[in-house]
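Subject: Structure handover

Hello,

Here is the structure for you to look through. My notes follow below it.

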Amino acid sequence: MPTQRQLFLKHLAQTSDFPLGLEIERAEGVYMYDVQGKRYADLISGIGVSNVGHRHPRVVAAIHEQVDKYMHLMVYGEYIQSPQVRLASLLAGLMPAALNNVYLTNSGTEAVEGALKLAKRHTGRTELITFKDTYHGSTHGALSVMGNEHFKNAFRPLLPDVQILNYNVTAELARISERTAAVIVESVQGEAGYQTPCTPWMQALRARCTEVGALLIVDEIQTGMGRTGKMFGFEHYGIQPDIVTLAKGLGGGLPIGAFVASATIMGAFKTDPILGHITTFGGNPVCAAAACAVIEVLLKEKLTEQVAAKNALMLQLLQHPAIVRVTGKGLMLAVDLGSFAFNKAVIDRCLEHGVITDWFLFNDRSLRLAPPLTITSEELRSALQVVLESIEAVYQAQKQSK
Ligand code: PMP
């Protein structure tokens, strides 16, 4: 009899030769349990997904309730499905007033695809502008606006007319012009290793887009749903996007995404051609019901409001001579450990001792810490103790080998 691991390696498409390969049996709150019963504290939330923890009871109940009524009925946008209507209304209520129209997708990359198409259609322009080391998804359109040549080059030709600017550099904003359909930006750059822009730059970016009539798309797929200490990251900078993309934490563990704009902009999908953006499963009613529950939990349990105190606790605890610096916002922190070798050794030791961390796609020397927002101070303290012990162990080992 082949083992699960053997079947996993044989039949599930692998995209690297070193998958983590944890075999988890169940997950609850901040913790996952493997088939041997070993407990792991999840300090990365399945990469920014489990903002309300794993299997939050209200999310699970909402899923059960919806499954008992109906699942898929019809392709997106035709029937009035109450979980979709509720979710769109809830999201519109959380956004600036102008952003009152919601298109539901299955994933983050599809939300980005929709947003890019919408911007081209609304402005009648083709140029798209993005930033170095940004990640917006893995499908062709989203890949075209990825800010990393290494991950893009093998898949060319991609969308033409894409420019990559340096993030947080004011002089570069002059390259946004009357030719530009949209600029897509993250309010904290996720895969770059939680790099934060300064407020004047974000405001200058907004102003430049307005000046030349380009739409500003803010990708809140990783930063959204309370993770930075505001419901959406752009709120930190006092700016209003034209289009916002969401996914990851929105579904509380089920796959759903969205792009949100004004009804006027979104109206571009209705004519020439009609049905300008189509999806079969986007906004699946079970996923939409789960997303409604996520928003209710975030609001009811005041999880976003607690992020600042948890961030402060993390920053207070994350002290060690091997830590070069800590960047990020709220419960998305990147701990720069100076080299990939050091970082990898820390990640491996953490895993051995029951704590899940990670590095970043475009920054392998930084440790990713993005726990569920539901994590308690005690849970945070005990998990970070393992992280700090691991940093110390690797630090001592490195000292001895010198
Ligand atoms: N945008 C950002 C900022 C992301 O972090 C991600 C996923 N890492 C995506 C888009 C793509 O989302 P998905 O994997 O759901 O397609």
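Four strands form an open sheet in the order β11-β12-β15-β14, and their pairing is antiparallel. The edges are taken by β11 (325-329) and β14 (358-360); each has a single partner strand, so one side of each is left without a neighbour in the sheet. On average, neighbouring strands here are turned by 35 degrees against each other, direction ignored. Please keep in mind throughout that this is a predicted model.

Within the sheet, β12 (residues 332-336) and β15 (residues 363-369) run antiparallel and are joined by four bridges. A334 has R368 of β15 standing opposite. Helix α12 (residues 340-352) packs on this sheet and touches β14 and β15. The direction of α12 makes about 30 degrees with that of β15.

Next, the ligand. Which residues are around the ligand? They are S107, G108, T109, Y135, H136, G137, E186, D219, I221, Q222 and K248. Sorted by class, this shell has six polar, three charged and two nonpolar residues.

- D219: a polar side-chain atom lies 2.7 Å from a nitrogen atom of the ligand.
- Q222: an N or O atom of the side chain is 2.7 Å from an oxygen atom of the ligand.
- K248: an N or O atom of the side chain is 3.2 Å from a nitrogen atom of the ligand.

On its own the ligand has 390 Å² of accessible area, and the protein covers 82% of that.

Last, some backbone details. Most residues other than glycine have a negative phi, and most peptide bonds are trans. The following places depart from that pattern.

The peptide bond that joins R156 and P157 is cis, with omega at about 5 degrees. P157 is found in the loop between α7 (149-152) and β6 (162-165). D161 is also placed in the loop between α7 and β6. D161 is not a glycine, yet its phi is positive, at about 65 degrees.

A cis peptide bond also joins D272 and P273, and omega is about 5 degrees there. Where does P273 sit? Its place is in the loop between α9 (263-266) and α10 (285-300).

Regards

Note on methods. Residues are numbered from 1 along each chain as its sequence is written. This is a predicted model: local features need pLDDT of at least 70, side-chain atom pairs count only at pLDDT 80 or more; totals for chains, interfaces and linings use all residues. Side-chain values use heavy atoms; hydrogens and water are left out. A residue is near a molecule or strand if one of its heavy atoms lies within 4 Å of it. A polar contact is a pair of N or O atoms within 3.5 Å; within protein, one must be able to donate a hydrogen and the other to accept it, and residues adjacent in sequence count only if both atoms are side-chain atoms. Accessible areas come from the Shrake-Rupley method with a 1.4 Å probe; for residues, only the protein chains shown count as cover. Ala, Val, Leu, Ile, Met, Phe, Trp, Tyr, Cys and Pro count as nonpolar, Asp, Glu, Lys and Arg as charged, and the others, Gly among them, as polar. Two strands pair if DSSP finds at least two bridges between them. Helices (H or I, at least four residues) and strands (E, at least two) are DSSP runs, numbered from the N terminus. Axes are lines fitted to C-alpha atoms, for helices over the stretch in contact, and angles run from 0 to 180 degrees between N-to-C directions. Contact means heavy atoms within 4.5 Å.
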